Every structure is written in C-alpha cells, then in structure tokens.
Amino acid sequence: MASQTHILCFVNNKGGSGKSTTCANIGYSLSSLGYKVLLIDGDMQLNLSLAYFEEEFVLETAKSEKNLYAAIKYQKDLSDYILSTRYPNIDMILSSTLMSSIEYELFTKWQREYILKNGLKKIVERNEYDYILIDSPPTLGGWVMNILCASHYMITPVEASPWGLFGLANLFDFLSDIKYVTPDLQMLGVCITKADTRKNYLKQTITALEELKHTYVFETYIKVDSSIEWSQENGRPVMDYKKSSRSAIEYLSLTKEVVSRVNQQQKH
Amino acid sequence: MSISSKSINRINKAVETQNTPAKVALIPPPKTSEQDASSTEASETSGITQKLPDYLL
C-alpha cells in the first residue's frame, strides 16, 4: 500500500509536445522503480491507451461504457473503470474518442471543475497507488481545468522550438489566470522533449530556458530517438521495448528526477 | 527581441503574478458607539477577512 498517492498531470496546450509519450514512459519507469502506478488517458487521441494496449482493444473500449468519458459523463467513482495492463504494477483508465465532446457534458454540471477530482476521491483514500499520472489533451478548456484541479503536480513537456516556447508562455498565462481555482497545484517542472542535438537551436532553447526565474527545468531532456516510434508501433513503453535505448535511459533518469522533486516538495 | 526571449519574459511575469499573495478584502463590521471609543487596532482585528478572486476586486 502506498503511503500517499501523488497525482501528476502532463499538460501543454501545444500538440505534439510529447505529453502522452512522457506520461507513458514515466509511468513505466516508476513501476520499474517499485512504485504502483495508475495511468489515466484524458485525451481523445487515445495515445496513452495505445502505449499499453492493442489497438483493437483500445477502440473497443473507446466505444464501450468502460472508459473515462462514461465515468465523467455519469460522475462515477473511477475505481470501477480501472483496467489491468500486462504489467503488474501499472493499471489504466482508458479514454474514448468521445472525449472530444466532454466539454458539452461538463457544461451543465454543478462544480464542473471538480468532477475528475471527485471521481478519484475513493482511489486516493485507499492509498492503493503511489502515483496517478494523467495525460491531457492539447487544449485549455474545462476538461483540462478538471485535470489541473485533480492534480497535485504538473509537468509540462515542451518541444525545443520558438513556437514550443511561445505555447509554453500561453500556458503559463492561463495558469496565472486560473490560480484561484487551483491554488494547491504545483508546477513540478518543464521537460524538453524531441531534442535534436544536431541542431544549434537546441542550445538556444536551453539558454533561453535558463532565464526562467521561478520555474524548474528538468536536467534530463529527451532526445530524438527512433526507438520511441518503434515502441509506439509495438504498443509498449520504450523501456520495455528496448531497455538499452537512449530514450529508455533518459526516461528513467527523468523519472528519478521527478521522484526526487516530488519528495522535495513533500518536505516543504 | 526573439520569440523565445519574449516567451521567457512572459513566463517569468506570469509566475511572479501567481506568487503574489491573494488580494484580501477587509470588511469591518458596523461600529457601535463603544467600539468607536476603543483603539483602532482592536477594530481592525475584529474585521472579517475574506479572500476574493481577482475578478471580484
């Protein structure tokens, strides 16, 4: 049994920043370090679900009533929607393509920012998991507000590009605007993904990010690596697909940093 | 200034805004004649302190 469940979300309104890949691989790395993990796929693109399950099963579940969309729509306890993955320490709540219309479902609900938080309440009370990781869609609407309100910490993967940093600034503006709704949420850090060491611009991005005054940037950054695409092709986290790959090693290193940061924050 | 530099400045500004303590509105209760006679300090500490979201201030 976990001593306390830490809830982390992966948020960036810019698409293709590596949220799902980072969530999937940190989840696996956490389990390899001995932690029990629940993954929640909050994105209609189903990518986190695909990282752990066969495509047919993901699509079948997406059409059924056993997914996150149904749980949120009917405001259910999320315990009933948890599925076991092939890995003993990792469970998941799968998504649905219908998540694209979740905003409409939320609109008429009372205290609509807290539906996910309320759905997780019993799971958190049971202390069954050390970590709950929530993947989010590339938007900043009411559903992402739900994810932020349900989380203790937020990690933002960002691509090393001018538009990546522009999107990051927009995200921080948004966070500043909604601070009164999510006063306890802490930004755990920004993580550079898809880093291409052949490009000079990577150095420029790192130099720019060093100018951040109050925001932690993870020392580990995830470099471009075809093992990630191959692992996606095979429906497995990269550490399981090819443990010796560069990205598997980097994700493990990033995960250790995440754990260390969470432990530090707990002490404060 | 490049997009990257401007973005970093925006992020720093946004985080500084977040770290600013919440605005606090002091709503003092109606004064009685006795309270009028008491010290200013006493009347301030007896006020209701309520946090209000920015958009209401």
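Helices here are DSSP runs of H or I with at least four residues, strands are runs of E with at least two, and both are numbered from the N terminus. The model is a predicted one, in which local features need pLDDT of at least 70 and side-chain atom pairs count only at pLDDT 80 or more, whereas totals for chains, interfaces and linings use all residues. Residues are numbered from 1 along each chain as its sequence is written, and chains are lettered from A and ligands numbered from 1 in the order in which they are written.

Chain A contains 12 helices and seven strands. Its radius of gyration is 17 Å, close to the 18 Å that the globule rule gives for 268 residues, so chain A is as compact as a globular protein of that length. The radius is taken over C-alpha atoms, and the rule is 2.2 Å times the number of residues to the power 0.38. Along the principal axes, the C-alpha atoms of chain A fill a box of roughly 50 × 40 × 35 Å.

Burial is judged by counting other C-beta atoms, placed from the backbone, within 10 Å of a residue's own: 20 or more make it buried, 12 or fewer exposed, and values in between partly exposed. By this criterion, 46% of the 268 residues in chain A are buried, while for chain B the share is 9% of 57 residues. Contacts are defined by C-beta atoms, placed from the backbone, that lie within 7 Å. Among the contacts in chain A between residues at least 6 apart in sequence, 79% join residues at least 24 apart.

Leaving aside residues up to four places away in sequence, A:I147 touches A:C9, A:V11, A:G42, A:L116, A:I134 and A:S136.

One of these partners, A:L116, is also among the buried residues of helix α6 (residues 115-125), together with A:I115, A:G119, A:L120, A:I123 and A:V124. The buried residues of α6(A) pack against β2 (37-41), α4 (68-73), α5 (102-107), β5 (131-135) and α7 (142-150) of chain A.

Backbone torsions come next. Most residues other than glycine have a negative phi. A:N127, which follows α6(A), has a positive phi of about 50° although it is not a glycine. This residue sits in the loop between α6 and β5 of chain A and counts as partly exposed because it has 13 C-beta neighbours inside 10 Å. A:L46 also has a positive phi, near 65°, and lies in the loop between β2 and α2 (47-50) of chain A. With 23 C-beta neighbours inside 10 Å, A:L46 counts as buried.

Elsewhere in chain A, helix α1 (residues 19-32) packs on helix α12 (residues 246-267) at an angle of about 75°, with the axes 9 Å apart. The two helices are therefore roughly perpendicular, a term for angles of 65 to 115 degrees. Axes are lines fitted to C-alpha atoms over the stretch in contact, and angles run from 0 to 180 degrees between N-to-C directions. From α1(A), the contact involves A:N25, A:I26, A:S29 and A:L30; from α12(A), it involves A:Y251, A:L252, A:L254, A:T255 and A:V258. By class, this contact has six nonpolar, three polar and no charged residues. Ala, Val, Leu, Ile, Met, Phe, Trp, Tyr, Cys and Pro count as nonpolar, Asp, Glu, Lys and Arg as charged, and the others, Gly among them, as polar.

Finally, the two chains meet through 19 residues of chain A and 15 residues of chain B. On the chain A side, α8 and α9 (200-209) each supply at least two residues, and α8(A) gives the largest share, nine residues. That side has 10 nonpolar, five polar and four charged residues. A:L175 lies in α8 (residues 162-177) and touches B:A14 and B:Q18, not counting residues up to four places away in sequence. A:L175 counts as buried, with 22 C-beta neighbours inside 10 Å.

Key:
Parallel < 35°, antiparallel > 145°, perpendicular 65-115°, else oblique.
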